[in-house]
Every structure is written in structure tokens, then in C-alpha cells.
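Hi everyone, thanks for coming along. Let me put the model up on the screen, and then I'll walk you through a few parts of it.

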Amino acid sequence: MIEGLKVVALGGGHGLYASLTALRRVTSELTAVVTVADDGGSSGRLRRELGVLPPGDLRMALAALCGDDDWGRTWSEVVQHRFRSEGDLHGHAVGNLLIVALWERLGDTVAGLDWVGRLLGAHGRVLPMSSVPLDIAAEVELDGEVSTVRGQVACALTPGRVRAISLVPEDPPACPEAVQAVLDADWVVFGPGSWFTSVLPHLKVPQLAEALHSTAARRLVALNLAPQPGETDGFSPQKHLEVLRQHAPSLEVDVVLADTGVAEDAEELAKAAAELGGRLVLAAVADQDGSPRHDAQRLASVLDEIFREKR
């Protein structure tokens with residue numbers, strides 16, 4: 001554990017869950033800044049019915065920050081629990097309902113998330129990237145034709161190749177606390193996660209993007225272990241970096257972290273990292289069962305070495 005090291009992790013869904021599960025082992029000063037564009041499942045239903053931010057990715061981030069003791073494990077399982085029924089509650093996650101209830105009770109999105117964090121004993125803070133619900137619009141190419149697909153679920157499931165994304169509304173307000181966390185950070189971590197729907201959207205919120213460019217924090221990009229079906233089919237690790245550069249041409253990166261088993265062409269990947277201003281770190285961070293998931297302890301160990309400048 002590195003005392004006093006302020007780290008901000010950006011993303012959403014399972015990728016951010018993996019990042020946070022590792023990072024909470026490295027520092028006690030951890031903030032997650034989470035995408036708020038989900039329009040499917042329980043989150044989508046609550047968003048449409050109540051007009052709130054989609055709570056699902058925020059819930060997953062809070063669950064990832066729970067400790068490894070009985071309290072943390074129990075609450076992590078409870079907030080992730082989904083009801084199974086033949087009625088309207090089917091598919092709703094307990095944590096989603098708890099978060100929305102606190103939002104309605106307190107009238108303050110950030111305060112509600114902080115209250116849930118205290119209940120769970122979360123090792124860090126969870127913030128939305130924007131104070132309003134967002135939609136993702138993707139420019140998709142299929143059979144030589146280019147069209148626009150709207151909605152996170154539609155983007156993730158598109159049979160075409162996503163070329164670029166934008167947000168609706170196109171100039172959304174950033175969460176002020178998220179902006180400040182980025183400006184105060186020592187390190188900012190992008191990814192892993194769904195590239196077009198979880199990682200890149202942060203760079204499309206103007207105030208947050210400005211903070212990500214101007215912060216004195218060092219920036220690390222953690223690459224995925226496998227392409228995302230429907231979003232990045234056929235993408236090499238270096239292609240992910242090229243897309244990042246296309247969406248934020250002036251963003252400089254200090255470190256690109258990739259798993260040794262994924263980097264088939266380490267030389268080309270190192271060149272792509274250098275074009276962003278950074279250096280490549282290769283390490284075994286994948287789960288040993290062969291699945292495309294990060295091993296929390298392995299990832300934590302490597303991040304600790306990078307932050308201490310030992311790797």
C-alpha cells in the first residue's frame with residue numbers, strides 16, 4: 001500500500017471492476033470516475049422510468065471497492081444480487097435500487113454514492129463522469145456503408161466496425177467532484193474496459209477532457225486482454241492506442257501496460273505507446289485460468305511497481 005498516492009481510475013463495467021479490485025490493494029486514496037451511458041438491463045429501466053443516471057456501472061465500481069473481510073464480501077454480494085421472478089423486479093440489482101433510493105431521498109447524486117460507499121466500507125470513492133445521463137452515438141462501418149448507431153447496448157452489439165464515438169448531448173456537464181479528483185491526482189488510469197463505450201467517453205465530456213489533458217498527474221493506459229465482441233473485433237493492442245490517439249490527439253500518456261500473452265508484436269506496440277509519449281510495460285497480469293480476465297493480485301503488484309518507479 002502506497003500511503004497518500006492519489007489515483008483516479010476511469011471506465012465502466014467489468015473492466016473498471018478489475019482495475020479497482022487491483023488498485024484498492026495499492027492505495028487508499030482511490031477515486032473511480034464512471035461512465036453514465038448505460039441504457040440496457042436494470043440500469044436502462046430505472047433510467048427510463050425515473051430519469052436518473054444509470055446506476056449499474058456505479059454499483060459495480062462500489063462493489064469492487066469492498067474489502068476482503070466478511071463485511072466487504074457480504075455487501076459486495078448483496079449489492080450485486082439480482083432478483084429472479086416473473087414480475088417487474090426481475091433482473092433488477094439490489095445495489096441499483098439502493099443507489100436510486102438514496103438519490104431520491106437526498107436529492108444529491110454524489111452524496112448518495114458516498115452514503116452507499118460508507119455502508120459498504122468501500123476503499124475509495126465512486127463518482128459519475130457527468131451529472132446527466134448520456135447516450136453514446138457510434139459511427140459504424142459495415143460492408144462499406146457508414147451509419148450512426150445510438151445507445152450503449154446498440155454500440156456494443158453492432159455487427160459493424162465502430163470507427164468513432166460521440167456523446168448525446170454533445171456538451172454534457174462534468175461532475176465537478178470528478179474534475180477536481182483528476183486535477184488533484186498523482187496517477188490517472190484509463191482502462192481496461194470496453195474501449196468505445198467505457199473508456200473513450202470520458203474524453204468526450206469537455207470539462208473532464210480538459211482536466212485529463214491539463215492535470216499534472218501521470219497517465220497510464222491498461223490494455224484489454226481480448227478484443228470486445230461487436231466493438232473492437234480484430235483490433236490489435238496497438239490499434240486500441242491508435243483509436244485513443246484519434247479521439248484525443250493531444251493527450252500524452254506516460255505508461256502503457258499490456259499482458260505479455262496479448263502483445264504479439266511488442267516492437268509495434270512499443271512504437272504505438274511512444275507515439276502517445278509513453279513507454280510500454282509488459283507483464284503477466286492475466287488470470288492463470290486462461291480466461292480473458294485480469295488477476296487482481298498480479299495487476300496490483302505490477303501497478304505498485306510502476307507507481308513506485310520500480311518498473
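Let's start with Leu223. Leaving aside neighbours within four places in sequence, Leu223 is in contact with Pro192, Trp195, Pro237, His240, Leu241, Val256, Leu257, Ala258, Leu269 and His294, where contact means heavy atoms within 4.5 Å. Before going on, a word on the source: this is a predicted model, in which local features need pLDDT of at least 70 and side-chain atom pairs count only at pLDDT 80 or more, while totals for chains, interfaces and linings use all residues. Residues are numbered from 1 along each chain as its sequence is written, and side-chain values use heavy atoms, with hydrogens and water left out.

Back to our leucine. Leu223 sits in the loop between β8 and α11 (237-247); helices (H or I, at least four residues) and strands (E, at least two) are DSSP runs, numbered from the N terminus. Is Leu223 buried or exposed? With a relative accessible area of 3%, Leu223 is buried, buried being under 20% relative accessible area, exposed over 50% and partly exposed in between, with a 1.4 Å probe and protein chains only. Leu223 and Val256 are 33 residues apart in sequence, yet 7.3 Å apart in space, C-alpha to C-alpha.

Now, the neighbours of β9. Strand β8 (residues 218-222) runs parallel to β9 and is joined to it by three bridges; two strands pair if DSSP finds at least two bridges between them. On the other pairing, five bridges join β9 to the parallel strand β10, residues 279-283. Val256 has bridge partners in both: Val221 and, in β10, Leu280. From β9 the chain crosses through helix α12 (residues 266-275) to β10, and this β-α-β crossover is right-handed, meaning that, with the strands pointing away from the viewer, the path from the first strand over the helix to the second runs clockwise.

Last stop, the domains. The chain is divided into domain 1 (1-35 + 171-310), domain 2 (36-128) and domain 3 (135-165), with bounds from an automatic or database domain assignment. Between domain 2 and domain 3 there is one salt bridge, that is, a side-chain nitrogen of Lys or Arg within 4 Å of a carboxyl oxygen of Asp or Glu. Arg47 forms it with Asp135, the closest N and O atoms being 3.1 Å apart.
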